[in-house]
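Subject: Structure for you to look at

Hello,

Please find the structure below, followed by notes on what turned up in it.

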Amino acid sequence: ASRELWSSGESDSKARRRLDRRALPIERTKGSEILFGIAPCALALSQFRRDPFRLFLKQSSGARRLVMSEFVLQATARGVPVHHVQRRELDALCRGQVHQGVCLEATPLRFKSLEEAEKPDLGDGESPNRQLIWLVLEQIQDPMNLGALLRSAYFLGVDRVVTSQRNSCPLTPTVSKASSGAMEVFDVYSTDDLQSFLKAKTAEGWEVVGTVSKPKDVEDVPVISCLEFQWNKPVIIVIGSEGEGLSLETQLLCHRMLAIPPGRVLHPGIESLNVSVASG
């Protein structure tokens with residue numbers, strides 16, 4: 001009997017501990033989303049492109065404690081309430097993503113309309129005659145790929161990124177995290193008629209350059225190695241979806257197609273690069 005009582009007490013204790021480990025429910029503001037990660041949250045607070053509602057921080061020590069103190073200062077300056085919570089609450093807020101001890105509840109970011117991109121802002125120190133380069137994405141669906149694409153485009157100096165609206169990934173917190181926060185500072189545009197957009201840019205004197213992993217799959221459009229590519233006019237580089245590449249309709253609007261030559265004879269089944277790596 002004593003053994004049974006001891007066993008029952010042990011079960012109750014385990015049940016209490018399981019209850020203690022459950023995340024406390026945190027009510028979300030209607031229409032908000034949860035941004036997570038140090039870079040996305042810090043840039044979102046500093047850029048004023050989102051409306052922030054609440055900042056959630058995990059108590060930290062050492063070097064991370066200084067980072068959290070900076071977050072408190074940022075949030076206080078913008079009048080954003082700061083909540084110090086346990087890791088389990090942060091895990092629940094961002095559904096188990098890598099949050100680095102920081103979550104920010106804020107309004108979502110949206111794609112900008114293409115009309116807003118018709119007159120590029122070259123900046124104060126840039127020549128108005130320099131060659132523009134825009135990156136166009138057709139049906140990129142993976143948020144990790146889209147984030148990595150935006151990070152590379154921002155770092156390498158792409159002037160504009162335009163995505164097709166159909167079958168494309170929206171600007172989610174996962175995209176922001178994968179972009180290391182580049183999405184928070186870099187405008188992304190979208191169009192519901194990619195082919196008409198490319199035709200219009202061609203009429204304006206832009207060169208439209210597609211991309212392909214297997215040159216033999218392309219008809220009626222010259223294919224060159226990206227190592228040989230040079231341009232002397234504004235250029236649009238079009239990247240296709242992860243599985244299918246560029247649609248035939250888009251391919252036929254390209255003046256040239258670029259291919260990346262492999263460094264060895266490739267084993268069947270490993271014949272292409274990840275779309276974000278190839279774009280970089």
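Helix H2 has Ile38, Pro40, Cys41, Ala44 and Leu45 as its buried residues, where buried means under 20% relative accessible area, exposed over 50% and partly exposed in between, with a 1.4 Å probe and protein chains only. Helices (H or I, at least four residues) and strands (E, at least two) are DSSP runs, numbered from the N terminus. This is a predicted model, in which local features need pLDDT of at least 70 and side-chain atom pairs count only at pLDDT 80 or more, while totals for chains, interfaces and linings use all residues. Residues are numbered from 1 along each chain as its sequence is written, and side-chain values use heavy atoms, with hydrogens and water left out.

H2 is followed by Phe48, which has a positive phi near 60°. Phe48 is not a glycine, and sits in the loop between helix H2 (38-47) and strand E2 (52-58). At a relative accessible area of 58%, Phe48 is exposed. Ser180 also has a positive phi, near 55°, and is likewise a residue other than glycine. Its place is the loop between helix H6 (173-178) and E8, where Ser180 is partly exposed at 32% relative accessibility. For context, most residues other than glycine have a negative phi.

Now the salt bridges. There are nine in the structure, a salt bridge being a side-chain nitrogen of Lys or Arg within 4 Å of a carboxyl oxygen of Asp or Glu. One of them joins Asp187 and Arg49, with the closest N and O atoms 2.6 Å apart. This pair links distant parts of the chain, since Asp187 is in the loop between H6 and E8 and Arg49 in the loop between H2 and E2, 138 residues apart. Both ends are partly exposed, Asp187 with a relative accessible area of 23% and Arg49 with 32%.

Arg50 and Glu184 form another salt bridge, at 2.9 Å from N to O. Arg50 is in the loop between H2 and E2 and Glu184 in the loop between H6 and E8, so this pair ties together parts 134 residues apart in sequence. Arg50 and Glu184 are both buried. With Glu33, they are linked in a network of salt bridges.

In a further salt bridge, the closest N and O atoms of Glu207 and Arg256 are 2.8 Å apart. Glu207 belongs to strand E9 (residues 207-211) and Arg256 to strand E12, so parts that are 49 residues apart in sequence are tied together. Glu207 is buried at 9% relative accessibility, whereas Arg256 is partly exposed at 22%.

Ser190, in strand E8 (residues 188-191), is buried, with a relative accessible area of 9%. Its side chain makes a polar contact of 3.5 Å with the side chain of Gln165; such a contact is a pair of N or O atoms within 3.5 Å, and within protein one must be able to donate a hydrogen and the other to accept it, with residues adjacent in sequence counted only if both atoms are side-chain atoms. Gly31 lies in the loop between helix H1 (2-21) and strand E1 (33-36) and is exposed at 53% relative accessibility.

Regards
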